[in-house]
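Please look through the model first and then read the points in order.

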Amino acid sequence: MRKVLLILSCVASIAAYAHESPIDHVDRRLHFSVKGNDLVLQYSLRQTPRAALLEMRAMDENRDGRISLMERKQYFEARSRRLAGLLRLVERNKTMPFEVAGKVVLRPDFSQEFLFSAHLDGAENLEFTDGFSRRYPGVLVLEKSNSVPKSPLLTIRESPKMLNKRGHVDLTVLEINIKRDK
Amino acid sequence: MTRVLQSLALLGCLPLAGVSAFDDSASTSDLVHRLAESVDKGAYAPSELRKVAERGGVAVRVAADLLDESKPERASVLCQLIARASRNRNAHEELLKLYDPAAHETFYTEKGMATERKIGAVLDWKEWPPLFQAVAIRACPRFTRAWILKRTSDSSDQSVSRAASLIEEWSRWISFGNERQHRGTFLAMLVSMAEGEAMKASIRLSTSILAGIEHAHGFSPCCGSSGWLERRTRKVPEELRGKSAETCPLLGIVRKALSDGSPLVRAQACRAIASFSVTFPNEALELLLKLLELEKEDVVRARIGSSLASFPQDQRAGAAALKLFSGSDNAIVRREILYAMAKTKWQTRDAIMKEAFRSPDEGVAGVAMSSVTKEVGPEIRDRILSISKGFKDTSPDLVDALGRLGDPRALPYLRRCLVDEKRAVLRAKVAMALEGIEGGDTDKLIEEHFIRESNRDVRLQLIRVASRRRMQGVVPTLLDLASDHEAADDFRAEAIWGLGNFPGNRVESLLLNLSMSRGLSALYSTLALTKLGNPYASAALEQLFLAGSPSERMIILALLGEARKDHPLVQRGLNSSEFAVLLGAAKAARQLGSEKYRRSLAKVSGDPHVKALLETGMRDVPTLAFYLREEKL
């Protein structure tokens, strides 16, 4: 019986100065797991303090300089939905849409952690494309995971379709293979 | 293949079973305790510290409980942790509330004083952990301020040295735009310190207090612009600003220091006085001029010279600079005056430059060249051209100066440089200098050299210059490059954008074709068509903007500005919450310069979050401030 999640990990130490300086990098960490018949994706975006500060312009609906709980909730709900719409999971011609599976968690290093899930319907050989990374490139880290008993084996590889430009991942495309105990 | 992709490819096949990561489930308390234990056991790894520091305010709170004077190694590592984790204190209050509520509680509430007291207790330890000053300023500023104030009259060496080092660290923190909470109370603390006995006995404490005034009252080396200074001095509490120069307690400290027996103190006072050039410009300048009459020490005279730059419009400052320059043999003093003069409107500029060329040694002539503008008088102009006639090597200062002069008589020297110079970077500089020199001879030189130039960067520069000069002769080359799918991206982009300077059916037809393609050529050809006023381009540009990355949107806005083409995208960009887009839009709006955009820019400046951004020393923020408020960079 397979008990182990197999996740690759890489930490790219591409410095933020790979770009011309006015561009804020978005560093992302992806963590995939399989729960039941769902592929669960923990998607973390780390922004620069400058980007985080200016992002409040978009949150502050009433322009009072403060972010109320309601403004925060509405902004991040909308952002989660937008982001989910930019993530693509495909097996052959069948698309499995990601749905928002939890609240956004904000971290002191100006990270935003999103939680998404997609129904697999038995799919095993998938292609994952992060459309958000196309417009907001940066360093990509795929997180390793702890072993989870009885969970399927998950293998993730870089797809030949993956793009890079000026020293960082420009479009994240991954091949995900899921092996379950028969 | 990048390192990212290599890593992915390599690691993609490796079974990494059972390796723990994404350790976010571990509590911050556990992580900090684990870190302390690993230090106690001598098994500490710096990567561990970095990871825990990302936990921010909670990590600070937990680490504060574990500081122990009897365990110096543990204290050293925990202080590094606290310094890193509490760096967030420079963040805007609303941002802290969102991302690090524990840090917000520590730094912004009374409850947080409990943590400050625990960390601040280290101030009384016999030995401070390394670089503890940074910890004190970042993590327990209120406690530290009270601790320093208790030492106002303590003249013992250790007390004075510790107080001075804390004030120096706080000044640095402020000078980088990090202090959002305590600038006013820091200045009030300096006033109290200056009244005590401790300052009288210590040159170091005196200079640290003066540097504190310089940074906290107004000046910031990373954003040392006039608008920045004005904004910062507005935020100094009323009682410290004073209603007049006589009643301003901060200026009083500086005034007194100008007559101190130590040249180091007087020199620092000269720097501090520059921060009063907005609030009390007359009095501040008069104090400097008065000191200049008596001052004999070159270290102070050099500082007076550089501080005169804070009075760029005041002709008294220009006259004083000339007098100081003529009466000084010291190259440092002379260079400081020339640097100071670069952005002034002094009428004595030419006279100072003339003096500089009379004794040009020890780098004086090079600095003088950097002050040359198109407006210099005929005597200086002839002098520089005459220097170029006899100059054999390529001097970057001279090339730049000739470019700014824009005088065709400089062509023989620039031609020689372009042909004989082996270093491509200097040839590129010559190409840039040629842009400002009008006339057919310059066009001919550019065209000739473009054919023989071997270096790609210099060729790129020549293409740019030729198209900006609207040299018809270069159009066939631009058309070839623009159509060449094998050409490097930057060459192609430059050529396509350059074609926007040449109206005509052949050019527009090619640009229209390219605009139907994808990627870079579509972007630049649509922009070039916009520059040419093609009716198709506006809607297409909007589509590209909406689908583009921040980088592409910034390019669109910056080039609309460069072409002086108004477009609804500029207003859209001004509303953006992305820095690059806002920067591009502000630049474009400023270049377009209409009343509509002046109002829009003022509105952006008044946005609470943009205001918060402008208060920081973050990268490129001074550039944004420049476009928003026409500040001097």
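**Notes on chains A and B**

1. Apart from neighbours within four places in sequence, Leu86(A) touches Thr129(A), Asp130(A), Gly131(A) and Phe132(A), a contact being heavy atoms within 4.5 Å. The model is predicted: local features need pLDDT of at least 70, side-chain atom pairs count only at pLDDT 80 or more, and totals for chains, interfaces and linings use all residues. Residues are numbered from 1 along each chain as its sequence is written, chains are lettered from A and ligands numbered from 1 in the order in which they are written, and side-chain values use heavy atoms, without hydrogens and water.

2. Leu86(A) sits in helix H2 of chain A, residues 69-86. Helices are DSSP runs of H or I with at least four residues, strands are E runs of at least two, and both are numbered from the N terminus.

3. Leu86(A) counts as partly exposed because its relative accessibility is 33%; buried means under 20%, exposed over 50%, and partly exposed in between, with a 1.4 Å probe and protein chains only.

4. Val34(A) is 52 residues from Leu86(A) along the chain, and their C-alpha atoms are 20 Å apart.

5. Chain B contains 41 helices and zero strands. The C-alpha trace of chain B spans about 80 × 75 × 50 Å along its principal axes.

6. Of the 633 residues in chain B, 55% are buried. Among contacts in chain B with a separation of 6 or more, 65% join residues 24 or more positions apart.
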